[in-house]
Amino acid sequence: MAINPLEYLIDPHRRIYWVFLFSSVVIAAVFLWFNPKKRRLNLSKKLWLHPSALLDYGYFIFISVFKVLVILPVLIGAKEVALWVNDFLLTQYGFVRIEGFSYSQVMVSFTLILFVLSDLSRYWLHRFLHTVPWLWAFHKVHHSAKVLTPLTFYRVHPIESLLFGLRYSFVIGLVSGVFIYGFGAMIGIVDILGVNALAFVFSFVGSNLRHSHIGISFGAIIEHFLISPKQHQIHHSKQHINVNFGGFLAIWDWFFNSLVLSRDVNRVKFGIKYSEMKYFSRFHQLIFSPFFLLFKSK
Amino acid sequence: MKKVIILTALLFTFCANAVDKVFFEQVIIDNVERSIVSIKQINASIKQGQSKKSQALFAQLVRHWKKVEATYMLGDLNEDFLDTPRYIDIFHGNNEDIKAQLDLIISTSDDLSYALYKHSHKTINALEYLLFTQDLSNARVSAMALIMAKSIERYLQEIKSAYQAHQAKFVQDEQFASAILLNTLVSSAYALKEWRIGDVVGLSKKYKDHADAQRAEYAISQNSTVAILSILQAHKQAIDAPNYKDFGDVARKFGASKEINKTTDYLNQAIAQVEKMQEQDLLNAKGKSLYQSTDRLMNSYYLSLMNKLGFISKVLDADGD
C-alpha cells in the first residue's frame with residue numbers, strides 16, 4: 001500500500017492513476033473545444049489555486065499517509081471476510097463444488113457480480129452518509145469543497161474512509177467467499193492491469209471529471225443507467241445535495257428515487273450551507289469540526 | 001461474441017506459470033500406472049488363490065489408488081469422466097449396504113455377470129470385503145473378486161487413456177491447470193479432514209462426539225491410515241516436490257511463499273503424525289490431533305487460493321463520492 005502520495009499516479013487501483021487522469025484531460029479538452037465559454041473558468045488560476053482546491057491538495061497528502069498508518073492496520077480485510085464466509089458455509093452446508101460452468105463463465109459472472117454489488121453498497125453507504133445525521137457530520141468534509149478538482153475525491157474524513165474500507169471488505173469478502181465456496185480456485189476476475197475490467201473502463205471514461213467543472217452530460221436515457229460527471233456535480237450543489245448518490249451506475253438512484261438528470265438542473269453552486277462553511281475552511285477543521293459540530297448539536 | 005469474451009478474459013487476467021508436463025507425467029500418469037500394476041497383481045494373486053498375498057497387495061492398491069483419487073482432475077478436463085472414481089470407490093458416495101448384498105450374491109447361484117450388476121458391487125470397497133472377510137478358495141468368491149479386479153482395472157485404464165488424451169489441454173492452459181489442481185487439493189483436504197478423520201474420531205459436524213471406528217474408510221482391512229498417508233503424500237507430490245515444477249513453485253511465483261511454506265509445514269506435520277499412527281489411533285488423541293492438522297492444511301490451501309485472487313486484499317479507491 002502506497003505511503004508516498006505520488007505512487008497514486010502509478011497505481012491502476014487509484015482514481016488518479018495517470019492513465020485515468022490523462023483520459024479525463026483528453027475528454028475535457030474535447031469538451032472545452034466544443035464549449036469555448038467554459039474555457040475561462042476551467043483554465044483559470046482562480047479555480048486551481050482556489051483556497052478550497054489548495055486545501056484539497058494538502059489534505060490529500062495527509063489522508064493518503066493517514067490511511068496507511070492508521071486506518072489500514074485496524075481495518076478487517078476482504079480476505080479475512082472471504083475466509084470467514086467460506087468457512088461458515090463449509091461448516092453449515094458441507095463441501096460443495098458447483099460443476100457445469102466453464103472457467104470463463106465463472107470469471108465473467110464473478111467480475112460482474114462484484115462490480116454490481118460493490119456499486120450498490122457504495123450507493124447505500126453514500127446515501128446513509130447523507131441521511132443519518134451523525135454520518136452527515138463527517139461527510140460534510142467532502143461536500144464543503146467550494147470548487148471541485150480530481151483531488152476532492154480524497155477530501156473525506158478518516159471516519160468515512162474507514163466506513164468505505166469496511167464496506168469494501170464486507171462486500172468483496174462476501175461475494176468472494178460465496179464464489180470460493182461454490183467454485184474454489186476456478187474463480188478469477190476479468191481485469192485490466194489488475195483492476196476489475198468494468199471499474200477500469202468506467203474510470204477510464206472520465207471518472208475524474210466527476211470532481212471538476214467540466215459539466216458533461218450523457219443525455220437523459222443513458223443517465224438513467226450511468227452517472228455522468230454533470231450528475232455528480234449536481235450532487236455537490238447546495239440545492240441538490242440529497243440526489244445522485246450513485247458511483248458508476250445510476251440505476252440505483254433511479255430505483256430508489258434519488259435520480260436527477262442533468263437536463264433538469266441549470267445552475268449549480270458547490271458546497272454546504274453558508275453558516276457551516278466556516279467550519280471546514282482550514283486543514284485542522286476538516287479533521288476536528290465533525291466532532292465539534294456533533295458535540296455542539298447535543 | 002462468446003469467443004471474444006473468453007479471449008478478452010484470458011488476455012486480461014494475470015498470467016501464471018502452472019505445473020508442467022513433467023508433473024503430469026511423473027505424478028498424475030505415474031500414479032495411475034502404479035494403480036494398474038497393483039490391480040493386475042491382485043488379479044493374478046486371486047487366480048492363484050493366494051489369500052494373504054492378495055490382502056497384502058490390496059494395501060498396495062489402496063496406497064496407489066488414493067494418490068490417483070487425491071489428485072483426480074480428469075472430470076475438469078472432460079466432464080464425461082466426472083463420475084469415474086465413483087465406479088472404483090464408493091466411500092462416502094453411496095449409502096447402500098453392499099456387504100449384505102454381496103453376502104446374498106455369494107449365497108445364491110445366479111450368473112455373476114447379472115448378479116454383480118451394480119457399479120458398487122465392483123468397487124475397491126466390495127473387493128476389500130471379499131478379500132478380508134470371505135474365503136478366496138471358494139470358487140464363487142474368487143470369481144466375484146476377479147470380476148471386481150477386472151472392473152477396477154478397466155476404469156483405471158480408461159482414466160489413464162483419458163489423461164493422456166487431455167494432457168495437452170492441461171499443459172497449454174496454465175491458469176486453468178493451476179485452478180483445477182488447487183481445487184482438487186482443497187476438496188481432497190476437506191474429504192480427508194471431515195470424512196476420513198472427523199467422522200471416525202467424532203469431530204465432524206455430522207458425528208460430533210460420536211467416535212466410531214467402523215466409519216473409517218478401510219475399517220475391514222485396517223488400511224485406513226495407509227489411505228490417509230497416501231493422500232497426504234499425493235498432496236506432497238503436488239506442492240512440495242524437489243524435481244519438477246509443482247503447485248508450490250507456482251504459488252511462490254505469485255508471491256505466496258509465506259502461505260505455501262505454511263501449507264507445506266502443515267502437510268509435513270500431518271504426514272509425520274500419520275506415520276506414527278496405528279489404525280486404532282484414529283479414535284484417540286492422535287486422531288484428534290491429526291484432524292486439527294488437516295484442518296490447518298485445508299485452511300492454508302484456501303489462503304493460497306485467496307492469494308491467487310490478489311485483488312481482494314486491496315482496498316480500492318471507492319470513497320469520496
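At what angle do the axes of helix α6 (residues 103-131) of chain A and helix α7 (residues 133-143) of chain A cross? I checked this pair before anything else. The model is predicted. The two axes cross at roughly 100 degrees and come within 5 Å. Angles of 65 to 115 degrees count as roughly perpendicular, so α6(A) is roughly perpendicular to α7(A).

I then listed the residues at this contact. From α6(A) come Phe128(A), Leu129(A) and His130(A). They meet Leu135(A), Trp136(A) and His139(A) of α7(A). I sorted the contact residues by type: four are nonpolar, two are polar and none is charged.

**Helix α5 of chain A**

I looked up α5(A) next. This helix covers residues 78-93, which is 16 residues. From first C-alpha to last it reaches 22 Å, close to the 22 Å expected at 1.5 Å a residue. I noted its buried residues: Ala78(A), Lys79(A), Val81(A), Ala82(A), Leu83(A), Val85(A) and Asn86(A). A lysine, Lys79(A), is on that buried list. Just after the helix, Gly94(A) takes a positive phi of about 75 degrees.

**Chain B overall**

I turned to chain B. I found 14 helices and zero strands there. The chain has 321 residues, and 47% of them count as buried. I also looked at contacts in chain B between residues at least 6 apart in sequence. Of these, 76% join residues at least 24 apart.

**Cores**

Which residues touch the most other members of the largest nonpolar core? I found Leu127(B), Ala145(B), Ile152(B), Leu182(B), Val186(B) and Tyr301(B), in a core of 130 residues. Helix α10 (residues 174-201) of chain B gives this core its largest share, 16 residues. A second, separate core has 11 residues, including Val243(A), Phe248(A), Leu249(A) and Trp252(A).

Leaving out residues up to four places away in sequence, Leu127(B) touches Ala145(B), Met148(B), Ala149(B) and Ile152(B). Ala145(B) and Ile152(B) are also on the list of core residues with the most contacts to other members.

**Tyr87 of chain B**

Last, I looked up Tyr87(B). This tyrosine lies in helix α5 (residues 84-88) of chain B. Why does Tyr87(B) count as partly exposed? I found 16 C-beta neighbours inside 10 Å of Tyr87(B). Buried needs 20 or more and exposed needs 12 or fewer, so Tyr87(B) counts as partly exposed.

Not counting residues up to four places away in sequence, Tyr87(B) touches His119(B) and Tyr155(B). I also checked its separation from Lys169(B): Tyr87(B) and Lys169(B) are 82 residues apart in sequence and 24 Å apart in space, C-alpha to C-alpha.

Definitions and conventions: Residues are numbered from 1 along each chain as its sequence is written. Chains are lettered from A and ligands numbered from 1 in the order in which they are written. This is a predicted model: local features need pLDDT of at least 70, side-chain atom pairs count only at pLDDT 80 or more; totals for chains, interfaces and linings use all residues. Helices (H or I, at least four residues) and strands (E, at least two) are DSSP runs, numbered from the N terminus. The expected span of a helix is 1.5 Å times one less than its number of residues. Two residues are in contact if their C-beta atoms, placed from the backbone, lie within 7 Å. A nonpolar core is a set of buried Ala, Val, Leu, Ile, Met, Phe, Trp, Tyr and Cys residues joined through C-beta atoms within 7 Å. Axes are lines fitted to C-alpha atoms, for helices over the stretch in contact, and angles run from 0 to 180 degrees between N-to-C directions. Angles under 35 degrees count as roughly parallel, over 145 as roughly antiparallel, 65 to 115 as roughly perpendicular and the rest as oblique. Ala, Val, Leu, Ile, Met, Phe, Trp, Tyr, Cys and Pro count as nonpolar, Asp, Glu, Lys and Arg as charged, and the others, Gly among them, as polar.
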